[in-house]
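Student: Can we go through this one together? I'd like to start with the charged pairs.

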Amino acid sequence: MSSTLTITLPDGSQKSVPQGTTPHDIARSIGQRLADDAVVAKVNGALWDLARPLEQDSQLEILTSKSEEALEVYRHSTAHLLAAAVLELYPETKLGIGPPIKDGFYYDFDRPTPFTTEDLEKIEKRMVEIRDRDLAYERRLVPKEEGLAKYKELGEPMKCELIEERADAIFSEYTLGPHFIDFCRGPHVPSTKRLKAFKLMSIAGAYWKGDEKRQQLQRIYGTAWFSQKDLDEHLRKLEEAKKRDHRVLGKQLGLFTVDDKVGPGLVLWKPKGAVIRQELQTFISAHLRRQGYSQVFTPHIGKLDLYRTSGHFPYYADSQFPPLVDREQIARLADEGCSCATLSNRLENGEIDGFLLKPMNCPHHIKIYDSEPHSYRDLPIRLSEFGTVYRFEQSGELGGMTRVRGFTQDDAHIFCTEDQVPTEVAGCLELVKIIFGTLGMKDYRVRVGLRDPDSAKYVGEPEQWDRAEKACKDAAQSLGVPFSLEPGEAAFYGPKIDFVVQDVIGREWQLGTVQVDYQLPQRFDLHYTGADNKMHRPVMIHRAPFGSMERFVGVLIEHFAGAFPVWLAPVQAIVLPISDRHLEYARMVEEKLKAVGLRAELDARSEKVNYKIREAQLQKIPYMLVVGDREAAEGKVAVRTRKGGDQGARAVDEVVAGIAELAATRSAAE
RNA sequence: GCCGGCGUAGCUCAGCAGGUAGAGCAUCUGAUUUGUAAUCAGAGGGUCGCAGGUUCGAUUCCUGUCGCCGGCUCCA
């Protein structure tokens with residue numbers, strides 16, 4: 001090894017520096033400004049501490065606060081600061097892990113007593129104190145055995161577990177001041193004084209290693225930014241997001257409600273929410289007719305045996321409402337002294353029959369297909385239904401309209417030949433594209449869910465899976481949008497293509513889905529007569545472009561922040577007479593709106609027009625039509641839009657026709 | 001399901017070292033007849049989520065329960 005190193009900078013220039021030179025030295029040689037702004041370095045593509053000496057000829061990049069990667073390092077360093085503060089205040093605490101995440105970081109702690117909100121304030125204060133001590137993040141190398149012994153002595157069992165699992169023979173650790181050490185790959189910012197703006201946000205339970213069988217730790221979430229300004233901006237955004245939360249807007253706009261007495265996770269659609277849902281259903285129904293779907297209706301329950309055949313029961317018994325067993329059987333079992341456990345066993349074994357609230361629509365549709373023989377000439381057969389299904393989601397998961405226990409899928413099942421699969425899947429994807437396009441939803445990602453090779457929960461032969469997965473991948477490819485392949489995300493009967501969007505707090509929700517299924521046709525022994533006059537097995541495609549109406553509308557409320565385009569708005573126009581003497585004219589305007597099928601209201605209260613406007617505005621009604629003496633005299637209305645304000649007076653008929661046009665064309669404009 | 005927080009009028013929220021509750025908005029009544037984001041006055045409205053316990057006395061403290069919120073786990 002030579003005693004000088006050749007360092008290549010991003011602009012291609014090269015520097016010869018002696019052994020032992022650090023990225024920070026080089027930054028300083030380029031300029032003090034860069035040295036001050038530097039957060040971390042990148043050496044041959046890998047993140048590297050600024051103070052860590054370069055070891056060989058390298059490509060070197062100095063990352064400043066303009067870099068996303070630097071921000072991650074910065075947040076990770078803030079997590080260490082949090083851990084150091086917690087250990088100072090509560091020395092009995094054991095450390096878990098503390099990674100950076102979107103907008104911030106967390107650190108997991110094991111401590112017998114739970115952290116409180118007041119603790120959070122104390123901890124944050126201590127973090128500031130430690131920050132002001134200007135402690136360096138110092139990297140040290142430790143041989144594995146020695147390190148293990150040390151962390152054992154420190155009483156850090158989780159760290160020991162991590163070292164055993166992931167540490168190299170010599171691993172790195174970082175210290176902060178004389179007492180704090182953390183097994184960590186790094187890198188970090190040079191010193192705590194660099195951490196300008198952070199805030200602890202919340203405490204939550206989290207299982208060690210995400211395994212619900214392991215102990216539950218206390219996770220402290222925080223957010224961290226390069227400047228106070230960025231932090232303030234982030235907090236402001238959180239406030240904004242709260243305002244467009246569909247649970248808040250759903251209440252304010254009177255769209256839906258959930259009632260304790262009815263049950264958690266059971267959405268009650270109020271008239272205004274129902275309008276939105278109905279409009280969406282009408283919208284998609286037109287496309288279904290065009291694409292050759294047939295409408296069917298099926299009941300909400302089916303016999304347990306149906307779901308034994310489909311494989312839903314008892315596989316997913318935990319996420320279903322308990323089976324419905326008839327009175328006579330219950331009485332008989334009670335006489336026998338049958339325990340709950342025995343009952344559920346006997347239900348599983350099929351010794352007792354009962355009904356299940358349907359967790360999916362497919363078995364019912366399959367039975368419709370199977371109710372008559374089919375020729376290859378009939379295929380594809382596309383059966384659609386807005387079918388309501390019931391799933392017993394864990395109580396901690398429920399919320400708003402996005403995770404519920406009863407929901408209506410815009411479901412359909414396509415029965416086709418294997419050759420027809422690509423065309424049919426493409427047709428399904430086209431539908432999803434039309435929906436997302438019409439609604440202006442651009443921020444979605446496409447996930448191709450493949451089976452997890454380690455899991456035994458899937459039914460079917462590997463060759464079938466391979467073919468189905470290929471069909472999905474090909475279809476996603478031809479869709480022309482970026483997609484990710486995600487093992488472990490398949491349904492138990494087949495791979496799927498999902499459309500995933502984020503809600504206002506950044507949680508991801510699956511909306512539309514297309515799933516290829518070779519299993520159910522087999523389980524139900526479905527067939528059709530081929531051109532060769534032999535029996536063949538059809539392939540099934542499950543698809544729901546909206547996914548569930550509840551979840552979709554929930555996400556849609558947030559997407560539009562409650563300000564629905566004209567065609568979806570529960571009230572499309574409201575007539576606001578200025579005084580009582582304009583009421584008659586106002587009624588005439590209202591009638592004209594209603595005559596062309598618009599949803600119109602009249603605010604006939606003896607309130608000032610300002611007041612009426614304010615209310616209509618808060619209800620996010622797209623059109624406010626103000627009528628007073630001038631308008632009544634000239635056959636006009638003064639148009640005010642919720643977004644553009646006062647638009648001036650125009651002839652009534654012209655305005656009515658204009659709004660009707662926007663509604664009819666499902667336009668995003670207003 | 002697990003961890004933590006919360007639950008006061010229709011809504012948003014205040015209050016209580018334990019002495020049976022208060023504001024704004026909404027509602028109702030009356031007045032006002034109004035020109036682009038809140039007219040004025042008066043009135044009604046709460047067994048302080050529910051059930052136990054401690055106490056002379058509980059909305060306040062304790063326990064349980066239901067529900068909501070944030071995470072975790074799960075999501076056919």
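Tutor: What follows covers salt bridges, then a helix pair. This is a predicted model, so local features need pLDDT of at least 70 and side-chain atom pairs count only at pLDDT 80 or more, while totals for chains, interfaces and linings use all residues. Residues are numbered from 1 along each chain as its sequence is written, and side-chain values use heavy atoms, with hydrogens and water left out.

Student: How many salt bridges does the structure hold?

Tutor: There are 54, a salt bridge being a side-chain nitrogen of Lys or Arg within 4 Å of a carboxyl oxygen of Asp or Glu.

Student: What does Glu173 meet in a salt bridge?

Tutor: Lys150, at 2.7 Å from N to O. Glu173 is in strand β10 (residues 170–176) and Lys150 in helix α5 (residues 144–153), so the pair ties together parts 23 residues apart in sequence. Helices (H or I, at least four residues) and strands (E, at least two) are DSSP runs, numbered from the N terminus.

Student: Is Glu173 buried or exposed?

Tutor: Buried, at 0% relative accessibility, whereas Lys150 is partly exposed at 24%. Buried means under 20% relative accessible area, exposed over 50%, and partly exposed in between (1.4 Å probe, protein chains only).

Student: New topic. At what angle do the axes of α3 and α4 cross?

Tutor: Roughly 110°, with the axes of α3 (residues 68–89) and α4 (residues 117–132) coming within 8 Å. Axes are lines fitted to C-alpha atoms, for helices over the stretch in contact, and angles run from 0 to 180 degrees between N-to-C directions. The two helices are therefore roughly perpendicular, the class for 65 to 115 degrees.

Definitions and conventions
Chains are lettered from A and ligands numbered from 1 in the order in which they are written. Angles under 35 degrees count as roughly parallel, over 145 as roughly antiparallel, 65 to 115 as roughly perpendicular and the rest as oblique.
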